[in-house]
Amino acid sequence: MKTADRFTLTRVILAPLFFIIYFIPIWTGRFASASVYILIPLLAFAEFTDFLDGFFARRNNEVSDFGKLFDPFADVLLHLGVFCCFTGAGYMPAFILLLIIYREFIMHFMRLIAVKQGVAIGARKGGKLKTVLYVCASFYTLLLESFVRLGIDVPIFAELRAAAVVLYCVCAAAAYLSFADYLIHFKSVLKNAR
């Protein structure tokens with residue numbers, strides 16, 4: 001396995017680990033404070049592996065069609081897992097999560113169609129911007145949840161929580177705008193699908 005793909009695989013492994021550690025305090029009623037000190041660095045490292053896989057792919061000339069499919073798969077696995085945590089905690093509206101899930105599954109279906117045509121759909125700028133917004137929303141919400149788990153009273157918590165909803169709406173809008181960009185850019189590939 002190439003170095004870049006190892007970093008991508010790390011993200012695939014860390015995605016369910018984040019989910020489990022997030023819910024342990026909810027399931028057991030214990031370790032809420034401790035979970036904060038694990039979740040923040042865990043998410044930071046998981047997101048950093050996204051930079052590392054791209055860095056090593058370019059540096060070691062390991063850019064491959066497999067990597068072009070594996071990297072977005074790992075991103076989606078991580079982000080949807082994190083978003084499920086925040087939806088369960090009431091930070092992210094369920095309908096926004098559903099819209100994002102639909103977008104991601106349709107995008108992966110589109111990638112499969114393209115692969116059948118011999119085309120690997122790599123990340124485009126809109127998709128990268130969407131990912132940055134997903135990361136920002138994840139860290140912002142994790143910060144809010146950390147306040148709760150550490151027992152820190154924030155007088156404007158309701159307003160901060162409302163801002164999270166707005167941020168998730170922006171994420172969903174960016175997701176669909178980037179999806180439209182992929183459709184336009186790869187329409188000839190999709191048109192020839194049978």
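**Packing, burial and backbone in a predicted helical model**

Q: Which residues are in contact with lysine 130, leaving aside its neighbours within four places in sequence?
A: This is a predicted model, in which local features need pLDDT of at least 70 and side-chain atom pairs count only at pLDDT 80 or more, while totals for chains, interfaces and linings use all residues. Residues are numbered from 1 along each chain as its sequence is written, and side-chain values use heavy atoms, with hydrogens and water left out. With contact taken as heavy atoms within 4.5 Å, and neighbours within four places in sequence set aside, lysine 130 is in contact with Arg103, Glu104, Ala174, Ala175 and Ser178.

Q: Is lysine 130 buried or exposed?
A: Lysine 130 is found in helix 5, where helices are DSSP runs (H or I, at least four residues) numbered from the N terminus. Its relative accessible area is 7%, and the classes are under 20% for buried, over 50% for exposed and partly exposed in between, with a 1.4 Å probe and protein chains only. Lysine 130 is therefore buried.

Q: What is the C-alpha separation between alanine 4 and arginine 59?
A: Alanine 4 has its place in helix 1 and is buried, with a relative accessible area of 5%. Not counting residues up to four places away in sequence, it touches Asp53, Phe56, Ala57 and Glu62. Although alanine 4 and arginine 59 are 55 residues apart along the chain, their C-alpha atoms are separated by 9.6 Å.

Q: How are helix 1 and helix 3 oriented to each other?
A: Helix 1 (residues 3–28) and helix 3 (residues 65–88) pack with their axes 9 Å apart, at an angle of about 10°. By class, their contact has 17 nonpolar, three polar and four charged residues. Because angles under 35 degrees count as roughly parallel, helix 1 and helix 3 are described as roughly parallel.

Q: Which residues touch the most other members of the largest nonpolar core?
A: A nonpolar core is a set of buried Ala, Val, Leu, Ile, Met, Phe, Trp, Tyr and Cys residues joined through side-chain atoms within 4.5 Å. Of the 36 residues in the largest one, those touching the most other members are Phe18, Tyr22, Phe83, Phe86, Met92, Ile100 and Tyr168.

Q: Which residues does methionine 92 contact, leaving aside its neighbours within four places in sequence?
A: Methionine 92 is among the residues that touch the most other members of the largest core. With neighbours within four places in sequence left aside, it is in contact with Phe83, Phe86, Thr87, Leu97, Ile100 and Tyr168.

Q: How many disulfides does a search of the whole structure find?
A: A disulfide is counted when a pair of cysteine sulfur atoms lies within 2.5 Å. The sulfur of cysteine 169 is 9.2 Å from its closest cysteine sulfur, in cysteine 171, and so too far for a bond. The sulfur of cysteine 171, a residue that counts as buried at 0% relative accessibility, is likewise too far for a bond, at 8.0 Å from the closest cysteine sulfur, in cysteine 136. The number of disulfides found in the whole structure is zero.

Q: What is the phi of asparagine 61?
A: Most residues other than glycine have a negative phi. Asparagine 61, in the loop between helix 2 and helix 3, counts as exposed at 69% relative accessibility. Its phi is positive although the residue is not glycine, with a value near 55°.

How values were computed: Axes fitted to C-alpha atoms, helices over the stretch in contact; angles between N-to-C directions. Helix = DSSP H or I, 4+ residues; strand = E, 2+ residues; numbered from the N terminus. Parallel < 35°, antiparallel > 145°, perpendicular 65-115°, else oblique. Nonpolar A, V, L, I, M, F, W, Y, C, P; charged D, E, K, R; others polar.
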